[in-house]
Amino acid sequence: MLIIQSPSKNHLELTLSGRLSASAMAEALDAFVELSRDMSHGTMLYTITDFEIPELGAIAVELRRMPALLRTIFVFDRCAVLCETPWIKTVAELEGHLIPGLALKGFALTERDAAEAWLQES
């Protein structure tokens, strides 16, 4: 399940848990693009618990939506990833180095306050 919410202007919160189906991925990515549409200098708090590799169909959905996702990602300045799995945090931080203008940092699930404070730094 991937839940995407916008609790405040220019801020998204994503929560990923379990294995994503193609339909769940399509719904979540459409929501991501729509909620990001009018943002600038956005921040994102991404919480990952109970991670499972998405279904093959879900990966295909993501690949088909990649052009829209790439256009959308540039409205964000910072993304904090909360997760207990070290390799996921490492991969997330590596992705941050590949996306110009996006600072991405991994945190433990227990470090939500620190992640939120980091997102607010200019």
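Analyst: Welcome! Helices (H or I, at least four residues) and strands (E, at least two) are DSSP runs, numbered from the N terminus. This is a predicted model, in which local features need pLDDT of at least 70 and side-chain atom pairs count only at pLDDT 80 or more, while totals for chains, interfaces and linings use all residues. Residues are numbered from 1 along each chain as its sequence is written, and side-chain values use heavy atoms, with hydrogens and water left out.

User: Where does R71 lie, and how far apart are the C-alpha atoms of R71 and D50?

Analyst: R71 belongs to helix 3. R71 is exposed because its relative accessible area is 60%, given that buried means under 20%, exposed over 50%, and partly exposed in between (1.4 Å probe, protein chains only). Along the chain R71 and D50 are 21 residues apart, and their C-alpha atoms are separated by 29 Å.

User: What is the volume of the largest pocket?

Analyst: A pocket is an open set of points on a 1 Å grid over the protein atoms alone, where a 1.4 Å probe fits and protein lies on both sides within 12 Å along at least five of seven lines; lining residues have an atom within 4 Å of a point. Grid points are joined across faces, edges and corners, and a volume is the space filled by probe spheres set on the points. For the largest pocket, that volume is about 970 Å³.

User: Which element gives the most to the lining of the largest pocket?

Analyst: In total, 33 residues line the largest pocket, with L29, Y46, I48, E62 and E95 lying nearest its centre. The elements giving two or more residues include strand 1 (2-8), helix 1 (22-36), strand 3 (42-51) and helix 4 (86-98). With six residues, the element that gives the most is helix 4.

User: How many residues in the lining of the largest pocket are nonpolar, and how many are polar or charged?

Analyst: Ala, Val, Leu, Ile, Met, Phe, Trp, Tyr, Cys and Pro count as nonpolar, Asp, Glu, Lys and Arg as charged, and the others, Gly among them, as polar. Sorted this way, the lining of the largest pocket has 28 nonpolar, one polar and four charged residues.

User: How far apart are the closest N and O atoms of D30 and R65?

Analyst: Side chains of opposite charge can pair when their charged atoms come close. A salt bridge is a side-chain nitrogen of Lys or Arg within 4 Å of a carboxyl oxygen of Asp or Glu. D30 is partly exposed at 43% relative accessible area, and R65 is partly exposed at 24%. D30 and R65 form a salt bridge in which the closest N and O atoms are apart by 2.8 Å.

User: Is N10 buried or exposed?

Analyst: Most residues other than glycine have a negative phi. N10, in the loop between strand 1 and strand 2, has a positive phi near 65 degrees. At 18% relative accessibility, N10 counts as buried.

User: What is phi of H41 near?

Analyst: H41 sits in the loop between helix 1 and strand 3. H41 counts as exposed because its relative accessibility is 61%. Phi of H41 is a positive value in a residue other than glycine, near 50 degrees.
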